[in-house]
Amino acid sequence: MSVISFVSSKGGVGKTTAAVVLAGELAAAGKSVTLIDADPNRPLEAWSAIRAIPSTLRIVVDDSVDTIIDTIDNANQLSDFVIVDLEGTATDRIGFAIARSDFVLIPSQGSMLDANEAAKAIRLIRNMERVVGRSIVFRVFFSRVASAIRERTFRDIERQFQVSKIPTLPTALLDRAAYRALFSIGGVLDELGDNEVGGLSAARENSRAFAQAVINGLQGREIG
């Protein structure tokens, strides 16, 4: 049983997309997953209402600082994986979720603004490590990456992370139409048909590689 939180103090970086993609892959592998929608905008709740989701997936909504710890702990006893999707602002709730996490994932796009926000998230994780008295494993991952072109700024950010010894996932979540379609037609990649959205094969290949990279990082086999 593992708790994975998606954290960024900036909205629009792909946290919810990554959470849904990861949850879908885990469910396809036969794992039970609880997705905790801790964003006041409730994007996961909206996504799950469009179309039936796999029976091994369940959505719990909790955007309260007073109950988020209990919600995570309860879900952790019922599911193989708990995935927490947090809002894109700095709140006490984010700190509490980090404290309960086995693995924290920090999305970053190819911009200096996102890189700076990722650095803020890392500082928060370090502070929470001092509060709880244990190490909290985390990885930065690149999201919404163009599959064909990596701009100079993107490459510069990659090098800065390497120089600063910031651990990153070896697999980025690419910018795929199939990922965007999840929030218009609902469901998970494994259950979509080729007649519903194009590029499914490439999206599934990327999503599986992303999920495997997360599992490897959770198990300590990837060090960035």
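Strand β1 and strand β4 (residues 81-86) pair in the parallel sense over five bridges, where strands are DSSP runs of E with at least two residues and helices are runs of H or I with at least four, both numbered from the N terminus, and where two strands pair if DSSP finds at least two bridges between them. This is a predicted model, in which local features need pLDDT of at least 70 and side-chain atom pairs count only at pLDDT 80 or more, while totals for chains, interfaces and linings use all residues. Residues are numbered from 1 along each chain as its sequence is written, and side-chain values use heavy atoms, with hydrogens and water left out.

Strand β1 also pairs in the parallel sense with strand β5 (residues 103-108), over three bridges. Two bridge partners of residues in β1 are set out below.

| Residue in β1 | Partner strand | Bridge partner |
|---|---|---|
| Phe6 | β4 (residues 81-86) | Asp85 |
| Ser5 | β5 (residues 103-108) | Val104 |

Five of the five residues of β1 are buried, so the strand is largely enclosed by the rest of the structure; buried here means under 20% relative accessible area, exposed means over 50%, and partly exposed lies in between, with a 1.4 Å probe and protein chains only. Ser2, Ile4 and Phe6 point one way from β1, whereas Val3 and Ser5 point the other way. In a regular strand the side chains alternate between the two faces of the sheet.

A search of the whole structure finds two aromatic pairs, which are rings of Phe, Tyr and Trp (its six-membered ring) with centres within 6.5 Å, counted as stacked if the planes are under 30 degrees apart, edge-to-face if over 60, and tilted for the rest. One of them joins Phe6 and Phe141 in an edge-to-face arrangement, at 6.0 Å centre to centre and with 90 degrees between the planes. This pair links distant parts of the chain, since Phe6 lies in strand β1 (residues 2-6) and Phe141 in strand β6 (residues 137-145), 135 residues apart. Phe6 is buried, with a relative accessible area of 0%, and Phe141 likewise counts as buried at 0% relative accessibility. Ring pairs link Phe6, Phe141 and Phe210 into a cluster.

In helix α2 (residues 43-50), the residues Pro43, Leu44 and Trp47 are buried. They cover an arc of only 95 degrees around the axis, which puts them on the same side of α2, the arc being that of the directions from the helix axis to the C-beta atoms. What covers the buried residues of α2 includes α1 (15-28), β2 (33-38), β3, β4 and α7 (177-185).

Val61 is found in strand β3 (residues 57-61) and counts as partly exposed, at 30% relative accessibility. Leaving aside its neighbours within four places in sequence, Val61 is in contact, that is, with heavy atoms within 4.5 Å, with Asp37, Arg42 and Glu45. Val61 and Val84 are 23 residues apart in sequence and 9.9 Å apart in space, C-alpha to C-alpha.

Taken as a whole, the chain has eight helices and seven strands, and of its 224 residues 51% count as buried. Along its principal axes the C-alpha trace spans about 50 × 45 × 30 Å. Residues 24 or more positions apart account for 75% of the contacts in the chain with a separation of 6 or more.
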